[in-house]
Amino acid sequence: MKTVLRTFAAIVAGLLVLFLLVVAVELFSAVVHPFPADFGGTTEEMCRHVERYPQWVLAAVIPLWAFAAFAGAWAARRIGN
């Protein structure tokens, strides 16, 4: 029973670490390339917004997403053995 609970705790902790880091990356992205003031949330506006992303932002967030996945897996492995 202890092993099952430890495994469950490891999964939850890994997902929590992953979630927090992905939110941090998305907040960084929103700060450096915010939505326009008149943004309505339509599909067309979202496509235009993504088309205007600076390439350096995309080049920065891809390794950050990878780090978030690695950190989540590391935390789960560390707790769950």
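Modeller: Please do, bearing in mind that the model is predicted. One feature to begin with is that the structure holds 1 aromatic pair.

Colleague: Why is the pair formed by Phe35 and Phe39 called stacked?

Modeller: A pair of aromatic rings is described by the distance of the centres and the angle of the planes. Rings pair if their centres lie within 6.5 Å, and planes under 30 degrees apart count as stacked. The ring centres of Phe35 and Phe39 are 4.4 Å apart and the planes stand at 25°, so this pair is stacked.

Colleague: What makes Phe35 partly exposed?

Modeller: Partly exposed is the class between buried, under 20% relative accessible area, and exposed, over 50%. Phe35 has a value of 45%, and therefore counts as partly exposed. Phe39, with 24% relative accessibility, also counts as partly exposed.

Colleague: How do you know whether Val61 is buried or exposed?

Modeller: The limit for buried is under 20%. Val61 has a relative accessible area of 4%, so this residue is buried. Val61 belongs to helix H3, residues 55–80. Leaving aside neighbours within four places in sequence, Val61 is in contact with Val25, Phe28 and Ser29. Val25 is 36 residues away from Val61 in sequence, yet the C-alpha atoms of the two are 6.6 Å apart. In the protein as a whole, 19% of the 81 residues count as buried.

Colleague: Which residues form the nonpolar patch on the surface?

Modeller: The patch consists of Leu16, Phe19, Leu20, Val23 and Leu27, which together have about 490 Å² of accessible area. Patch residues must have over 30% relative accessible area. Val23, in helix H1 (residues 2–32), has 33% and is therefore partly exposed. The accessible surface of the protein comes to about 6100 Å², and 72% of this belongs to carbon and sulfur atoms.

Colleague: Why is the protein said to be more spread out than a compact globule?

Modeller: The protein has 3 helices and 0 strands, in the pattern α-α-α along the sequence. For 81 residues the globule rule gives 12 Å, whereas the radius of gyration is 17 Å, well over that value, so the protein is more spread out than a compact globule. The C-alpha trace spans about 55 × 25 × 15 Å along its principal axes.

Colleague: Among contacts between residues at least 6 apart in sequence, how many join residues at least 24 apart?

Modeller: The share of such contacts is 76%.

Conventions:
Residues numbered from 1 in each chain as written. Predicted model: local features only at pLDDT ≥ 70, side-chain atom pairs only at ≥ 80, totals over all residues. Heavy atoms only, no water. Phe/Tyr/Trp six-rings, centres within 6.5 Å; stacked < 30°, edge-to-face > 60°. Buried < 20%, exposed > 50% of the residue type's maximum accessible area, 1.4 Å probe, protein only. Patch = residues over 30% accessible without salt bridge, like charges linked within 9 Å, V, L, I, M, F, W, Y side chains within 5 Å. Areas by Shrake-Rupley, 256 points an atom, 1.4 Å probe, with all protein chains shown as cover. Salt bridge = Lys/Arg side-chain N within 4 Å of Asp/Glu carboxyl O. Helix = DSSP H or I, 4+ residues; strand = E, 2+ residues; numbered from the N terminus. Contact = heavy atoms within 4.5 Å. Rg over C-alpha atoms; globule rule 2.2 N^0.38 Å.
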